[in-house]
Amino acid sequence: MENKKFNFEKYSRDLSEIEKDSQKKLLDTNGVKVCWRSWGKGTPLVLLHGGYGSWRHWIKQAIPFSKNYNVLIPDMPGFGESDDLPLPHTPEKIASNLADTLIKLISLNENPLVCGFSFGGLIAGHLSYELINRKLSPRKLILVGPGGLGAKRGEMKTMIARHSNMTEQEVYNAHRTNLEILMFYNPKKVDDLAVHIQKQNTDDHRIKSRPISATDTLAKILKKQEVPLYVIWGEKDASVGVYLEDRITILRSINPQVRFHVEFNIGHWIMYENEVLFNEILNNIIDSLGLFTIVQFLVGDFGHLSFAHQVKC
C-alpha cells in the first residue's frame, strides 16, 4: 500500500468551500447543543449521517440539492460539533433532540422530507415518529442502508483499529482499508477526500452506534407510524451481505407499501461512491407520486437474488 499522509490543509479547504455557503446554528434543547448546517431554500430536506459520521457524509449532496430544497444536515448529538448526550445513549433521545431543534429551523406548516444513512436511517425512523407527534408529519421517509431492523449483519473482514503508536502513514492506510471493507465496493472510488472525512468523523464521534444498529429499534418504531417509506441499498453493501432479502421481508411485513431501490455493484456509502447516480435516485424518489416499486431481479454472483435499477409501474 502507498505511503501516503493526510493533506489536512487541502481537504479542510475543500470542505470549507462547501460549508461556507451554509448557515450554521448551534441550537439548545434540554442542555444539549445540536449543530445544524443548512443550504438553500424551499421544502425542508433533512439528511442524517451514519455512525462514526458527521454532516460530511452528505458532502456531495449539500450543494446540488440546495438548488431546489432547504437542505438541513445536523451533526447528531454525540457526533461532530454537537454536544454529548447524557447516558444512556438511545435513539429516542437523539431523535427527540433533533426534533426539538429542527422545529426551530422550519415553519410548522413545512412538512419535511427526512432521509437518513446507515445509523442515521435508524434515527430517521425515530425522528419521523417524533415529528408526527409534533403534528409535523414527514412528506416522505427515505432510508439509505439503514440499521436497526434486527437482521443479520453481513460478514466482512476485520477492520483495522488505530492506536497512538501508529505513524501517520499507518493511520492513513488503516482508514483507507476500513473504507474499502465497509463503505465502498469499488476501491478505486476511495479517494483522499474520503479518507480525510473518515479520519475527522472517527476522531469526533463519542457515541457507540453499532450496538444500537444491531437491534430492531427501527423496525419497532416504523410499526407505530404510517408514512410514505422508501429504502435504498447498494447491492454490494458490506453491512448487509447476503441478508438483503431478510431486510426486504422485515420492511414489507411492517409497511406493505414500502418502495425499494437497490443499485447494482455499489457499496454502503452509495451517495459518495457514485454521487451522480445517487442524486438522481433521490431526486426521482422525492419527485415520485408513490409510483416506485420493487426493483427487477437479477442473479447475483453467488446465486442469490440481487437487484438493479428501479422500475415504474
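Val171, Tyr172, His175, Arg176 and Leu179 of helix 5 touch Asp192, Ala194, Val195, Gln198, Lys199 and Thr202 of helix 6. By class, this contact holds five nonpolar, three polar and three charged residues. Helix 5 spans residues 168–183 and helix 6 spans residues 192–204. Their axes come within 9 Å and cross at roughly 100°. Helix 5 is therefore roughly perpendicular to helix 6.

Keep helix 6 on screen and select residues 8–19, which form helix 1. The axes of helix 1 and helix 6 are 10 Å apart, and the packing angle is about 85°. So this pair, too, is roughly perpendicular. Show side chains for Phe8, Tyr11, Ser12 and Leu15 in helix 1. The contact of helix 1 with helix 6 has five nonpolar, three polar and two charged residues.

**Helix 3 against helix 4**

Next, select residues 91–102 for helix 3 and residues 119–133 for helix 4. These two helices pack at about 60°, with axes 8 Å apart. At that angle they are therefore oblique to each other. Their crossing is right-handed. On the helix 3 side, pick Pro91, Glu92, Ile94, Ala95, Ser96, Leu98, Ala99 and Leu102. On the helix 4 side, pick Phe119, Leu122, Ile123, His126, Leu127, Glu130 and Leu131. Colour by class: the contact of helix 3 with helix 4 has eleven nonpolar, two polar and two charged residues.

An open sheet of eight strands runs in the order 1-2-4-3-5-6-7-8, with mixed pairing. Its edges are strand 1 (23–29) and strand 8 (259–263), and each pairs on one side only. From one strand to the next, the twist averages 20°.

Strand 1 pairs with strand 2 (residues 32–39) in the antiparallel sense, over seven bridges. Find Leu27: Val34 in strand 2 stands opposite. The hairpin of these strands has two residues between them. In that hairpin, Asn30 takes a positive phi near 50°.

Move along to strand 5 (residues 113–117) and strand 6 (residues 140–144). This pair is parallel, with five bridges. Select Leu113 and look across to strand 6, where its bridge partner is Lys140.

Bring back helix 11, residues 275–287. Helix 11 lies across strand 3 (43–48), strand 4 (69–75), strand 5, strand 6, strand 7 (229–234) and strand 8. Which angle does helix 11 make with strand 6? Helix 11 runs at about 155° to strand 6.

**Backbone details in the loops**

Most residues other than glycine have a negative phi, and most peptide bonds are trans. Two loop sites are worth a stop against that background. Go to the loop between strand 4 and helix 3, where Pro88 is found. A cis peptide bond joins Leu87 and Pro88, with omega about -5°. Then go to the loop between helix 4 and strand 6 and select Lys135. Lys135 is not a glycine, yet its phi is positive, about 60°.

**Last stop: confidence**

Colour the chain by pLDDT. The protein chain averages 91, and 91% of the residues score at least 70. Where does the pLDDT fall below 50? Select residues 291–313: over this stretch the pLDDT is below 50. Beyond near neighbours in sequence, the stretch has 58 contacts in the model. Where pLDDT is low, the predicted coordinates should not be read in detail.

Technical notes. Residues numbered from 1 in each chain as written. Predicted model: local features only at pLDDT ≥ 70, side-chain atom pairs only at ≥ 80, totals over all residues. Heavy atoms only, no water. Axes fitted to C-alpha atoms, helices over the stretch in contact; angles between N-to-C directions. Helix = DSSP H or I, 4+ residues; strand = E, 2+ residues; numbered from the N terminus. Parallel < 35°, antiparallel > 145°, perpendicular 65-115°, else oblique. Left-handed = near helix turned anticlockwise from the far one by under 90°. Contact = heavy atoms within 4.5 Å. Nonpolar A, V, L, I, M, F, W, Y, C, P; charged D, E, K, R; others polar. Pairing = 2+ DSSP bridges. pLDDT = per-residue confidence, 0-100.
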